[in-house]
Amino acid sequence: MTEPMPAPLSIVLVDDEAPARRRMGTLLEDLALELPTRVVGEAGDGEAALELIQQVQPDVVLVDIRMPKMDGLELARHLAGLPRPPAVIFATAYDTHAVQAFDLNAVDYLLKPVRLARLQAALEKARLVGPLTAERLAKVRQESGQGARRHFSCHERGRILLVPVQEVLYLKADLKYVTARTREREYLLDEALTHLEQEFAERFIRLHRSVLVAKDALAGFERGQGDGEEGGEQWLALLKEVPEKLPVSRRQWAAVKQYAK
């Protein structure tokens with residue numbers, strides 16, 4: 001008695017080049033007898049892909065790394081936060097240094113031009129291994145020499161919202177969450193402030209134990225009564241576009257005062 005054929009893997013193709021998506025679709029068709037698949041959607045950039053993937057909930061995402069708006073590594077990191085994250089396979093024409101980062105972290109990737117046998121092996125592995133963790137993806141980004149993410153992700157009403165990093169004025173730790181404040185509103189991030197400080201050191205500077213502020217959001221400083229970790233009279237950071245005044249710890253003042261205007 002022959003074993004039943006497994007259900008086709010549902011796949012989303014993500015690449016900013018339409019010919020590359022067509023080629024990948026053709027390769028998947030060529031694999032139909034050995035490994036049945038079903039393409040349930042395509043996207044040309046990471047932002048559109050995140051929206052699509054939340055709708056169709058595929059088993060696997062085949063994603064190019066170099067894309068405008070949001071690269072493949074950042075997309076995969078946001079996908080890792082979904083209630084039902086898909087497995088992710090990267091397609092890349094990266095140099096040796098970047099590829100080594102994938103190998104070290106056991107993240108599967110396909111070198112372009114993609115070969116049929118290699119695609120089949122990656123899909124079979126994806127079926128068994130499942131989704132990647134955000135921690136492993138962050139390590140790949142660091143070791144491959146990629147810059148920081150362009151977006152934070154916020155879980156709200158069962159969906160992931162993207163918050164552009166450039167719009168965030170400050171990040172404030174509160175219990176297990178971090179609040180990201182933009183000009184319009186606040187967002188809750190499920191991330192550690194210390195990790196955000198390391199990843200976004202070029203953009204944010206620490207004011208005190210629980211707050212990072214965007215350097216270009218600082219409007220100046222004044223003396224006043226703070227409600228921060230030290231209490232009493234202390235320096236307060238004034239921000240552009242929002243009325244909040246953030247206390248500066250004595251320990252951080254030496255590093256922060258250079259931004260006084």
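# A guided tour, starting at a strand pair

Select His208 first: histidine 208 stands opposite valine 211 in β12. Every value here is computed on a predicted model, where local features need pLDDT of at least 70, side-chain atom pairs count only at pLDDT 80 or more, and totals for chains, interfaces and linings use all residues. Residues are numbered from 1 along each chain as its sequence is written, and side-chain values use heavy atoms, with hydrogens and water left out.

**Stop 1: β11 and β12**

Now widen the selection to β11 and strand β12 (residues 211-214). They pair in the antiparallel sense over four bridges. Two strands pair if DSSP finds at least two bridges between them. A hairpin joins β11 to β12 through two residues. Strands are DSSP runs of E, at least two residues long, and helices are runs of H or I, at least four, numbered from the N terminus.

Is β11 enclosed or open? Five of the five residues of β11 are buried, so β11 is largely enclosed by the rest of the structure. Buried means under 20% relative accessible area, exposed over 50%, and partly exposed in between, with a 1.4 Å probe and protein chains only.

**Stop 2: the antiparallel sheet**

Show the neighbours. Five strands form an open sheet with antiparallel pairing, in the order β10-β9-β8-β12-β11. β10 (186-189) and β11 (204-208) are the edges; each has a single partner strand, so one side of each is left without a neighbour in the sheet. From one strand to the next, the twist averages 25 degrees. Axes for such angles are lines fitted to C-alpha atoms, for helices over the stretch in contact, and angles run from 0 to 180 degrees between N-to-C directions.

Move to strand β8 (residues 168-174) and strand β9 (residues 177-182). Six bridges pair them in the antiparallel sense. Select Asp174: aspartate 174 stands opposite tyrosine 177 in β9.

**Stop 3: the parallel sheet**

Pick out strand β1 (residues 9-14) and strand β3 (residues 60-64). They pair in the parallel sense over four bridges. Valine 12 stands opposite valine 61 in β3.

**Stop 4: helix α6**

Select residues 134-143, helix α6. Its buried residues are Leu137, Val140 and Arg141. Why do they share a side? They cover an arc of only 100 degrees around the axis, which puts them on the same side of α6. The arc is that of the directions from the helix axis to the C-beta atoms. Glu135 and Gln142 are exposed on the other side of α6. Just after α6, glycine 145 takes a positive phi of about 80 degrees.

**Stop 5: the largest pocket**

Keep α6 on screen. The largest pocket holds about 730 Å³ of space. Of the 22 residues that line it, the closest to its centre are Arg77, Ala138, Arg149, Glu191 and Glu199. Two or more lining residues come from each of α3 (72-79), α6, β6 (151-156) and α7 (193-199). The largest share, six residues, comes from α6. The lining divides into five nonpolar, nine polar and eight charged residues. Ala, Val, Leu, Ile, Met, Phe, Trp, Tyr, Cys and Pro count as nonpolar, Asp, Glu, Lys and Arg as charged, and the others, Gly among them, as polar.

On a 1 Å grid over the protein atoms alone, a pocket is an open set of points with protein on both sides within 12 Å along at least five of seven lines; a cavity is a set where a 1.4 Å probe fits but cannot get out; lining residues have an atom within 4 Å of a point. Grid points are joined across faces, edges and corners, and a volume is the space filled by probe spheres set on the points.

**Stop 6: the largest cavity**

About 30 Å³ of space lies in the largest cavity. Its lining is Ala76, Leu79, Ala80, Pro85, Pro86, Val88, Pro131, Leu132 and Leu137. That makes nine nonpolar residues, no polar and no charged.

**Stop 7: β13 to β15**

Finish at strand β13 (residues 218-225) and strand β14 (residues 233-239). Seven bridges join them, and they run antiparallel. Glycine 224 stands opposite glutamine 234 in β14. Next, three bridges join β14 to strand β15 (residues 245-247), again antiparallel. β14 and β15 form a hairpin with five residues between them; in the turn, glutamate 241 has a positive phi of about 75 degrees.
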